[in-house]
Amino acid sequence: MVARDLATERLPDLAVVSDASGTLEAEVPGEWTAVSGGDGWTAPQDEAGYPALSVGTVRDWTAETSTGHGVFLALMPGSDLPDRMPGHPECDARQAPYSESGSQPSRTVVHSGCPGGVTVERVVQVAADRLLWVQVRSPDTATANRVLDSVTTRGI
């Protein structure tokens, strides 16, 4: 049997990144570590601090017009997945959200035609009262999926 018309890709050099507490971890393309922050954040409508991590190719990788790439991971309080996910008006298309059930239910939305490629938003129920928010901006869906699949939480 001969495989034909298969997509081939060169995998980038990868880096494992984690927040200052060691709670959040992801494997990302090495060039995404040019700018990083992992000292935590304060979730919306909450005064407590939570573990968070942001790494990217440029400081403003999350800005609407940026063509930079990166990942943002953050824990926040919550006992239910949100009904609505963030929109990205800078992107040409938004796929319908998809949800997964099981021990860690999640909801994911993929936006395409964005400056620099694709933007993916995912929220995961990692504990009875904690959500993990993940945003990935990458040049393509394959890279975004690899980063999403590598996200790990520890000590939760």
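This is a predicted model: local features need pLDDT of at least 70, side-chain atom pairs count only at pLDDT 80 or more; totals for chains, interfaces and linings use all residues.
Figure 1. T119 belongs to strand 11, which covers residues 117-127. If residues up to four places away in sequence are set aside, T119 touches H88, C91, V109, V110, H111, C114, Q135, V136 and R137. Two of the residues on this list, C91 and C114, form a disulfide, and the pair is the topic of the next view.

**Figure 2. The disulfide between C91 and C114.** How many disulfides does the model contain? The count comes to 1 disulfide, and the pair that forms it is C91 and C114, whose sulfur atoms are 2.0 Å apart. The pair links distant parts of the chain, for C91 sits in the loop between strand 7 (70-77) and strand 8 (93-94), while C114 sits in strand 10 (residues 106-114), and the two are 23 residues apart. The torsion about the S-S bond of C91 and C114 is about 110 degrees, and therefore the disulfide is right-handed. Both cysteines, C91 and C114, are buried.

Figure 3. L131 is part of strand 12, which runs over residues 130-138. With a relative accessibility of 6%, L131 counts as buried, because the cut-off for a buried residue is under 20%. Leaving out neighbours within four places in sequence, the contacts of L131 are A74, L75, M76, P77, G78, D80, L81, V123, V124, Q125 and V126. A further distance to look for in this view is the one between L131 and P105, which are 26 residues apart in sequence and whose C-alpha atoms lie 9.8 Å apart in space.

Figure 4. L75, which lies in strand 7, counts as buried at 5% relative accessibility. Which residues does L75 touch, not counting residues up to four places away in sequence? They are T23, L24, W41, Y50, P51, V126, L131, L132 and I156. L75 and A43 are 32 residues apart along the sequence, and the distance between them in space, C-alpha to C-alpha, is 8.0 Å.

Figure 5. Is D80 buried or exposed? At 58% relative accessibility D80 counts as exposed, because exposed means over 50%. D80 and C91 are 11 residues apart along the chain, and their C-alpha atoms are separated by 27 Å. When neighbours within four places in sequence are left aside, D80 is in contact with Q125 and L131.

**Figure 6. W32, a buried residue in a loop.** W32 is found in the loop between strand 2 (24-29) and strand 3 (35-37), and with a relative accessible area of 1% W32 is buried. Leaving aside neighbours within four places in sequence, W32 is in contact with V55, G56, T57, H69, G70, V71, V136, R137, S138, P139, T143 and V147. W32 and D140 are 108 residues apart in sequence, while their C-alpha atoms are 14 Å apart in space.

**Figure 7. The whole chain, as a setting for the close-up views.** The protein chain has 1 helix and 13 strands, and reading along the sequence gives the pattern β-β-β-β-β-β-β-β-β-β-β-β-α-β. The radius of gyration of the protein chain is 16 Å, close to the 15 Å that the globule rule gives for 156 residues, so the chain is as compact as a globular protein of that length. Along its principal axes, the C-alpha trace spans about 55 × 35 × 35 Å. Among contacts between residues at least 6 apart in sequence, 49% join residues at least 24 apart. The accessible surface of the protein chain comes to about 8,600 Å², and 47% of this area belongs to carbon and sulfur atoms. The chain has 11 positive and 21 negative side chains, and the centres of these two sets lie 4 Å apart.

Technical notes
Residues are numbered from 1 along each chain as its sequence is written. Side-chain values use heavy atoms; hydrogens and water are left out. Helices (H or I, at least four residues) and strands (E, at least two) are DSSP runs, numbered from the N terminus. The radius of gyration is taken over C-alpha atoms; the globule rule is 2.2 Å times the number of residues to the power 0.38. Contact means heavy atoms within 4.5 Å. Accessible areas come from the Shrake-Rupley method with a 1.4 Å probe; for residues, only the protein chains shown count as cover. Lys and Arg count as positive and Asp and Glu as negative; His and the chain ends are not counted. The place of a charge is taken as NZ of Lys, CZ of Arg, CG of Asp or CD of Glu. Buried means under 20% relative accessible area, exposed over 50%, partly exposed in between (1.4 Å probe, protein chains only). A disulfide is a pair of cysteine sulfur atoms within 2.5 Å.
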